[in-house]
Amino acid sequence: MDQFLETIWDNLLSHEPEKIQHAYQLLDNSSQVEVIDHLKKMVTEDGWHPEQVTSARIALNTLTGK
């Protein structure tokens, strides 16, 4: 399970729209909601590395179309 989660997050934060969308689609609805919530926290809360913030913003934009 740890390897699955690591792969999912690697793909979600990859800056590559196809990988981001594919990883997201592998998740159930509840997990998708959790991912979006977590990405929003990464973008808005202090304490994240600037590259993590950039990656989260790209993922959010890809997944929400914004």
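Helix H3 (residues 29-44) and helix H4 (residues 50-64) have axes that come within 8 Å and cross at roughly 135°. That angle makes H3 oblique to H4; angles under 35 degrees count as roughly parallel, over 145 as roughly antiparallel, 65 to 115 as roughly perpendicular and the rest as oblique. The axes are lines fitted to C-alpha atoms, for helices over the stretch in contact, with angles running from 0 to 180 degrees between N-to-C directions. Helices here are DSSP runs (H or I, at least four residues), numbered from the N terminus.

A quick word on where this comes from: it's a predicted model, so local features need pLDDT of at least 70 and side-chain atom pairs count only at pLDDT 80 or more, while totals for chains, interfaces and linings use all residues. Residues are numbered from 1 along each chain as its sequence is written, and side-chain values use heavy atoms, leaving out hydrogens and water.

Back to the helices. H3 and H4 cross in a left-handed way, meaning the near helix is turned anticlockwise from the far one by less than a right angle (clockwise would be right-handed). On the H3 side, the contact (heavy atoms within 4.5 Å) uses Ile36, Leu39, Lys40, Met42 and Val43. H4 brings Gln52, Val53, Ala56, Arg57, Ala59, Leu60, Leu63 and Thr64. Sorted by type, that's nine nonpolar, two polar and two charged residues. For this sorting, Ala, Val, Leu, Ile, Met, Phe, Trp, Tyr, Cys and Pro are nonpolar, Asp, Glu, Lys and Arg are charged, and the others, Gly among them, are polar.

H4 also meets helix H2 (residues 17-25), with axes that come within 10 Å and cross at roughly 70°. H2 and H4 are therefore roughly perpendicular to each other, and the crossing is right-handed. Here Pro17, Ile20, Gln21 and Tyr24 of H2 meet Ile58, Ala59, Thr62 and Leu63 of H4. This contact splits into six nonpolar, two polar and no charged residues.

Now for the salt bridge: the structure holds one, defined as a side-chain nitrogen of Lys or Arg within 4 Å of a carboxyl oxygen of Asp or Glu. It pairs Lys19 with Glu16, the closest N and O atoms being 3.8 Å apart.

His15 sits in the loop between helix H1 (2-12) and H2. Its phi is near 75°, a positive value in a residue other than glycine. Most residues other than glycine have a negative phi.

Here is how accessible these residues are (buried is under 20% relative accessible area, exposed over 50%, partly exposed in between, with a 1.4 Å probe and protein chains only):

| Residue | Relative accessibility | Class |
|---|---|---|
| Lys19 | 38% | partly exposed |
| Glu16 | 40% | partly exposed |
| His15 | 31% | partly exposed |

Definitions and conventions: Helix = DSSP H or I, 4+ residues; strand = E, 2+ residues; numbered from the N terminus.
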